[in-house]
Each structure stands twice: as structure tokens, then as C-alpha cells.
Amino acid sequence: MGRCRPIARPAAARVGKARGRGLGSRGSSAMAAEKPVVAVTCTAPVNIAVIKYWGKRDEKLILPINSSLSVTLHQDQLKTTTTAAISRDFTEDRIWLNGREEDIGQPRLQACLKEIRRLACKRRSGSPEDPLPLSHSCKVHIASENNFPTAAGLASSAAGYACLAYTLARVYGVESDLSEVARRGSGSACRSLYGGFVEWQMGERADGKDSIARQVAPESHWPELRVLILVVSAGKKLTGSTVGMQTSVETSPLLRFRAEAVVPARMVEMARCVRERDFQAFGRLTMQDSNQFHATCLDTFPPISYLNDTSRRIIHLVHRFNALHGHTKAGWPARVGSVSLRFIRLRGPTGSELWCLVTLNAWFQVAYTFDAGPNAVIFTLDETVAEFVAAVRHSFPPESNGDKFLQGLPVEPALLSDELKAVLGVDPAPGGIKYIIATQVGPGPQVLDDPGARLLGPDGLPKPAA
């Protein structure tokens, strides 16, 4: 195997060892130049699936039983940051997650590392004249951190493995498609390699070479679309996604029916909704697919329940909010014809009853989706954000963090009408929602050139906490 030397490319930063730091009597600038650390720092986004992925046809290669489609969230609010450094001084691979050293031997981490090194070796052997004197034998140190709750159903593994694959590719000089690398860590991670709206094609080949992610539309395609993350719990979920999927595949007949008979048509329709910016159809389909995903979890044996009471209250809040706006849009008297009508009875906060006319193709102002966790992701348009946030505050008053309850994009305060308060019709649940993150559709992974953004110091070890 050859020796590692600095990569002569802008994305990789050369970090010489500091004079006198762990070098003994040889702590000189000459020594630093002789044994450099090559480091790259990148960020990657969270993605939220609107057509869900649940279940694998191949556990080792992480090949899904159905295709999926997601929305990439903006990294100004949610992101993973990863620094990878290689040096011939390093005697072993090491990784730190959120400041804590973890087992680098974890199978999925090893799968990503081995695939990146294989691609690096292939690129080197395939180009005898390649000027980059880089060897895949170099050991790597990796530090990664999230600015959002980990393992709480907010797609932390997707952002984490996408960032890992993207950063390793740059530090090892790999330029090929990274869908397979990221997917080997976490299936949905391949969708976080792109911004905007992204499809993960399930593929048909046994080797998974056609199971890749592709962008359906860029982040600039739907500028009015907004996303609100209602954080119900920042704790780790009781049933991890990997175990949950395996159990569902083994025991849920509904899951197989969903994958074969439902999802293909939904993928086509959701792509159309995105292309045409059709929020009405987008909202309905997003909620329906979320509901069906959680129905398959309940159909699993033993059943899996990722939602809690607050999650279900949020679902009711969304439907009541939409019911009022659907009633307003329908008007009175409503036009009959091809439109199906019905009355719904809503209970007010004092026990009074309010009857609302809604259409079965109701006017959707907001839409919910839940991944494998209790936290809600709300899609809406910019003009509706302020009123819905006010409705959330009304239904789930902050207990003690009123000034930090709303994070992310600024949202103007709004007053709720008496009519909407009556329609919401539930007793407030203080503290049910810990905080809200307001964000929007965002870009894919980014390289950070600022040396101050690195998570590893010149010695290849995590920087001390500030």
C-alpha cells in the first residue's frame, strides 16, 4: 500500500501538526510538513419522507421493498456536521458522535468505510496517471454532530450517514455517485445527498446498483412551501427503525400490500404534486401515506406504536384547522354536483357544539406527517404559518420556555379568531410540544472551507468543547 499525502484539491484542507503538540523532541515545522493531517468538513441535511420507506428486501445492502419520496430541509435549521481527517500518523480508525467516541467497528459504519476505500482504490488503479498520491490504506478520524435531537424520529441517521459518505468521498478523492455508500449506512441517507425534492428508486437488481436517489425538483422549485417541526419528545425511541422494519416485513400483510399495490401509484402522483406545486393534493397524500405507514406498524406483531397522545392531538388539531378553512372555502350554500359534502360536529372548549360543513375533498391549509417517532412535521404555505403556529400555541401552551418555543425562521405573531378557537375545541395541553422549528426546503450537502468549522483539531482529535 502507498503512503497518504495531502490531497491537492480545494475541498481538502491541509492541517499541519502544531509545533510541540505531542511531537516530543521532533516537534518542528519540518515534522509537521512531513506528517500532515488532511481534513475535510461538510454538512448534510435532514430529509422528511412524504411517501414513506419501511421495510427492506435485502438487509445487508439496505435495499427497500418500495420506492420513497422526500423533502430536504434547510440546513440553517437542521443539519449534521462532519469532519474527516486522514494521516499516516493515525494507527486506527476512530469516530466521535456528538462528542462521544463510538465503536468504529459498527457494521454499517464499516460498510460505508469499506465502500469508500474500494472506490478510492478503484479510481487510483483505473488511472495510472492520476496525480493524486492518495492511498486508501490511510486511517481516518471522524467527528460528527447534529444540531437537533438524535434517534427521536427526526431522520438523524439519514443526515448523519449522508454527511459521512459525502465527507469521506472528499477526503479520499472519490467522485462517483454516493447513493450506494450512504444507503449502506442508512437507507434514507441517499435522499439527503440532494436538495429539494428527492426520490429513492427501489430498484430491481439483486446487487442494488439501480437502487439510487435522484432529484425530482430543486430547492428553489417551491419557494412558498414551509415546514414546521413540532418536537414532542427529544428522547430516543423505544423501537429503533431497523428492528421495527424487520418485524414489519416478517409479520405485517398490510406492509406487503402497501409496497406492491399502493406505493407505486402514490409515487407517480406525489411527483406530479411537486412538479405542479399542487398543495391540496400534496397535503392530502402526505397525510394519507403517514397514516398508512403507522397503520402497518400497528399491523406488525407485536404492534409498534411510534405515536403518543400528543401526536394524536396534533393530528386532530390539523384536521380541525383544515375543517374550518374547508368550510370557509366551500361557502354556504355549497355547490353540490361532483363534490361530496358532509357535516362534522366539533366540541368547543366549554362543551358547546359547532357543526361545520366540509367537503370530502376539503381545502387543506396544513398537512402532517410522522416518521418513526412522536414528533410531527407540518407542511404548509408561507401565508398560513403564523395562524397555525398561533393555533399550536393555543392548544399546547409553552410551560417555561416561551421565548424559545419557536425556533428557526421568524414567524410574525397572529391572533386567533373566536371561530377558530371554538373549532379547535380541545382543552389545552401545556408542555405537550417542547418547541417548534420553522424551516423550509433546502439544498444538499455542503463543503465548509472555514477552518474554524472543523470538529477535529490539528492532532486529529476532537476540539475541546467551547
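In which helix does Glu 115 lie? The structure examined here is a predicted model, in which local features need pLDDT of at least 70 and side-chain atom pairs count only at pLDDT 80 or more, while totals for chains, interfaces and linings use all residues. Residues are numbered from 1 along each chain as its sequence is written, and side-chain values use heavy atoms, with hydrogens and water left out.

Glu 115 belongs to helix 2, which covers residues 107-126; helices (H or I, at least four residues) and strands (E, at least two) are DSSP runs numbered from the N terminus. With a relative accessible area of 9%, Glu 115 is buried, where buried means under 20% relative accessible area, exposed over 50%, and partly exposed in between, for a 1.4 Å probe and protein chains only. When residues up to four places away in sequence are not counted, Glu 115 touches Glu 180 and Val 181, a contact being defined by heavy atoms within 4.5 Å.

Gln 201 is found in the loop between strand 11 (197-200) and strand 12 (213-217), and its relative accessible area of 24% makes this residue partly exposed. Under the same exclusion of residues up to four places away in sequence, Gln 201 touches Ser 67, Asp 210, Ser 211, Ile 212 and Arg 214. Although Gln 201 and Leu 69 are separated by 132 residues in sequence, their C-alpha atoms are 8.7 Å apart in space.

A search of the whole structure finds 10 aromatic pairs, for which rings of Phe, Tyr and Trp (its six-membered ring) must have centres within 6.5 Å, with planes under 30 degrees apart counted as stacked, over 60 as edge-to-face and the rest as tilted. The ring centres of Trp 222 and Phe 282 are 5.4 Å apart and their planes meet at 70°, so this pair is edge-to-face. The pair links distant parts of the chain, 60 residues apart, with Trp 222 in the loop between strand 12 and strand 13 (225-231) and Phe 282 in helix 7 (residues 279-299). Both Trp 222 and Phe 282 are buried. Tyr 368 and Phe 370 form a tilted aromatic pair, at 6.0 Å centre to centre and 50° between the planes; Tyr 368 counts as buried at 1% relative accessibility, as does Phe 370 at 0%.

One aromatic cluster is formed by Phe 197, Trp 222, Phe 279, Phe 282 and Phe 379.
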